[in-house]
Amino acid sequence: MSVSTDAGRQATAAPTAPYAIELKGISKAFGPVQANKDISIQVAKGSIHGIIGENGAGKSTLMSILYGFYKADRGEIVINGRVTAIPDSQSAIRAGIGMVFQHFKLVQNFTVLENVILGAEEGQMLAGSLAKARRVLRELAEEYELEVDPDALIEDLSVGHQQRVEILKALYRQADILILDEPTGVLTPAEADHLFRILRGLKEQGKTIILITHKLREIMEITDTVSVMRRGEMTATVKTAETSPEQLAELMVGRKVLLHVAKGPANPGATVLDVENLRVKDDQGVERLKGISLKVRAGEILGIAGVAGNGQSELLAVLGGMQAGTGHIRIKGDEIDLTGKHSNGQTRRARGIAHVPEDRQHLGLIMDFTAWENVAFGYHHAPEYQKNRLFMDNDALRADTERKMATFDVRPPIPTLAAKSFSGGNQQKIVVAREIERNPDLLLVGQPTRGVDIGAIEFIHKQIVALRDAGKAILLVSVELDEIMSLSDRIAVMFDGRIMGERDPRSTNERELGLMMAGVTDGGAA
Amino acid sequence: MDYATLLQLLDTTLRFATPLLLACLAGLYSERAGVFDIGLEGKMLMAAMSSGAVAALTGSVWLGLLAAIGGSLLFALVHGVASITFRGNQLISGVALNFIASGITVLVAQSLFGQGGRTPPLTGGARSNPVILPFAEPMRDVPVIGPLYYEVISGHSPLVYLALLMVPVTWWVLYRTRFGLRLRAVGENPAAVDTAGVSVRGLRFAAVMITGVLCGVAGAYMATALQAGFGREMTAGRGYIALAALIFAKWRPWAALYACLLFGFFQALALRPDVVEGVVGVKVPVPALDALPYVLTVLVLAGFVGKAIPPRAGGEPYVKER
């Protein structure tokens with residue numbers, strides 16, 4: 001009897017459970033905003049499924065529903081052929097779902113082992129759980145290339161290793177379904193390759209993986225199937241082998257998108273920015289810039305590549321007058337003050353330097369202020385904004401903002417709206433419009449497209465190239481190698497506060513740059 | 001200074017360090033869980049009044065202790081609801097509770113006993129009487145160790161030994177148990193605890209309640225052991241000194257013991273200007289000695305005694321992000 005019941009269960013299970021995850025008609029609204037509209041997907045067991053979409057398309061909301069952070073207004077979740085309610089993270093874990101968040105959920109001053117067992121301890125005492133985790137981690141490390149020192153503190157680990165700990169946490173909880181949210185944003189190309197090897201290994205063991213990303217290249221490289229989301233709706237699900245990056249981009253944005261920046265050859269003129277032996281120490285006295293020398297000429301874009309935290313931020317801060325340093329910076333041959341005593345963002349602007357900072361939400365904008373107020377920042381002394389010696393001409397300012405919003409296609413084009421009410425892409429357009437429209441000699445741009453959707457990326461890139469063609473010098477800092485490769489006329493790679501070397505984007509490749517970003521020098525090349 | 005004076009000084013140190021230690025450990029649980037508690041003072045005061053009043057009315061120190069814990073827990077609950085459930089500002093909640101405690105204790109004591117906001121002096125079974133530890137009498141004549149054991153170690157209220165016992169217990173709970181792991185995690189990164197499927201709110205409430213219990217014991221000790229009855233503002237800033245000791249100890253249990261003993265020693269010195277004069281050779285004014293623990297507190301808070309890094313999520317209500 002027991003045999004036949006087993007056989008019967010298998011027979012009924014087989015046709016209904018070919019999918020690891022099935023979402024049926026999931027809808028979720030936050031107030032008036034419909035974040036997810038009637039979304040249905042099916043993810044086959046043992047496959048890698050990509051979910052791609054612009055910021056705010058609803059990818060993260062959908063995954064948060066799957067991980068029990070939100071409850072869907074309508075629809076059902078079917079895990080391995082069984083309708084499963086996921087009211088909280090505990091239920092998601094029990095259903096075999098593990099999630100690796102974009103911002104890791106790790107306790108910085110705990111060891112790897114402590115982080116792994118947190119919430120999955122066995123019994124009231126820790127000793128047994130720790131011993132078991134140590135054993136399991138060793139097995140997982142061998143099986144999936146997930147080596148990490150179990151006794152290391154998280155704060156001492158590289159970002160790549162921290163991510164491994166997140167994956168280990170999920171596997172330790174015996175997750176069969178692994179969701180990764182923008183996993184490669186913080187990784188070097190080599191680390192990303194390693195991650196993909198791990199994911200392929202997991203897939204071979206029958207694990208199901210959902211990869212959320214905005215990077216088309218990754219989707220093409222590793223996924224089996226891909227779903228595209230746009231404005232809360234699932235616009236298409238296709239086999240990766242049967243699609244192309246261009247088609248996916250079009251599905252994401254809803255119109256044809258130019259993925260490669262169209263630009264002619266550079267026509268460099270006289271040197272605008274000349275940096276010589278620039279050194280910067282941070283508050284703790286640690287040297288962050290260890291003798292940087294570089295030149296940017298008029299009519300060219302110098303791209304600074306590198307993994308975040310290798311001194312790029314400090315370079316921008318010193319150039320932008322926000323931090324003091326030693327060495328020499330010359331603008332068109334004139335020395336500018338580095339001590340910070342006679343300089344600030346204001347004096348830098350007077351010298352023709354405009355700055356689109358890396359962190360637009362903290363340095364570029366005041367989120368609670370309106371668009372027109374934000375457009376005034378840094379240029380509020382401009383004569384055209386003054387009514388008389390005492391008062392500003394707010395009407396002129398609003399009119400000017402309206403004009404800039406039209407030129408830069410900021411949506412919605414309402415100057416009185418608070419900065420925080422715009423999407424990331426439109427916020428960035430406001431900052432870029434403010435800085436570029438002043439016609440600077442030198443534009444400093446940090447991470448111009450971080451958290452910006454594809455349509456806006458295309459637009460911002462065009463504006464930067466147009467400024468170059470107008471004969472201005474541009475220093476571009478980005479952790480997105482694609483962006484550096486496609487925009488720059490020359491590429492300098494930073495590692496540990498130094499310039500590792502310079503390359504011509506036409507004759508280098510990601511592998512070579514990736515090695516330089518990791519600090520590897522091949523003999524005298526650098 | 002002769003040996004007998006030193007022993008006296010140490011004996012007083014231990015008695016003064018006890019309420020500090022209890023309050024300090026109380027704060028340790030709460031702050032390690034990410035809930036700052038500036039209201040230790042108010043909870044101790046509330047507990048002192050509750051125990052003083054109930055012990056005076058019933059004649060039982062143990063009922064007084066229970067009342068102390070109850071009164072302190074009530075305040076802890078309010079702090080928890082304000083700062084955890086409603087995600088209010090933890091400092092404001094703590095300060096508010098301190099003010100409420102300062103007023104309500106006098107009000108209640110006055111309406112119950114009509115003695116100007118004091119409780120009647122406690123005697124006999126209404127006080128927490130000293131216990132003589134085993135072998136204290138026979139060991140008394142052993143040179144050096146004998147008097148130390150008899151004078152300093154033995155002969156305190158049971159609450160003193162409870163406070164001392166709480167040090168290894170707290171260490172063990174924090175570093176050897178599941179609850180401790182989660183407690184430390186929730187004070188460092190509540191999102192990690194939340195995504196692991198454990199309730200941030202539950203853990204923080206548990207921690208705040210433990211804080212309430214320990215503050216209750218501290219207050220009861222003040223009113224029934226250190227002194228015989230409740231008097232207005234009798235905690236005299238001990239809750240704040242305990243906080244300073246907590247920072248001094250960098251939120252670690254054993255270090256908390258040493259910090260509280262040091263602060264207790266200063267308080268004991270302030271009672272014996274003659275001893276200080278004998279050692280230093282100069283007559284130090286009593287107010288200067290009184291100020292010593294507070295001066296040290298200021299130095300600690302100003303960061304002169306090493307850099308103390310508080311639990312990273314401390315003071316921030318947890319809001320689930322997308």
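This is a predicted model: local features need pLDDT of at least 70, side-chain atom pairs count only at pLDDT 80 or more; totals for chains, interfaces and linings use all residues.
Contact between the two domains involves 10 residues of domain 1 of chain A and 13 residues of domain 2 of chain A. On the side of domain 1 of chain A that touches domain 2 of chain A, at least two residues each are supplied by α7 (189–204) and by α9 (245–253) of chain A, and the largest share, amounting to 3 residues, comes from α9(A). When the residues of this side of domain 1 of chain A are divided by class, 6 are nonpolar, 3 are polar and 1 is charged.

The contact between the two chains was examined in the same terms, with 23 residues of chain A found in contact with 19 residues of chain B. On the side of chain A that touches chain B, the elements giving two or more residues are α2 (59–66) and α3 (89–94) of chain A, and of the elements it is α3(A) that gives the most, with 3 residues. By class, the side of chain A that touches chain B comprises 11 nonpolar, 8 polar and 4 charged residues.

Chain B contains 14 helices and 0 strands, and the order of its elements, read from the N terminus on, is accordingly written as α-α-α-α-α-α-α-α-α-α-α-α-α-α. For chain B the radius of gyration is 20 Å, which is close to the 20 Å given by the globule rule for 322 residues, and the chain is therefore as compact as a globular protein of that length. The C-alpha trace of chain B spans about 70 × 45 × 40 Å along its principal axes. Of the 322 residues in chain B, 47% are buried, where a residue is taken as buried if 20 or more other C-beta atoms lie within 10 Å of its own.

Methods. Residues are numbered from 1 along each chain as its sequence is written. Chains are lettered from A and ligands numbered from 1 in the order in which they are written. Two residues are in contact if their C-beta atoms, placed from the backbone, lie within 7 Å. Helices (H or I, at least four residues) and strands (E, at least two) are DSSP runs, numbered from the N terminus. Ala, Val, Leu, Ile, Met, Phe, Trp, Tyr, Cys and Pro count as nonpolar, Asp, Glu, Lys and Arg as charged, and the others, Gly among them, as polar. The radius of gyration is taken over C-alpha atoms; the globule rule is 2.2 Å times the number of residues to the power 0.38. A residue is buried if 20 or more other C-beta atoms lie within 10 Å of its own, exposed if 12 or fewer, and partly exposed in between; C-beta atoms are placed from the backbone.
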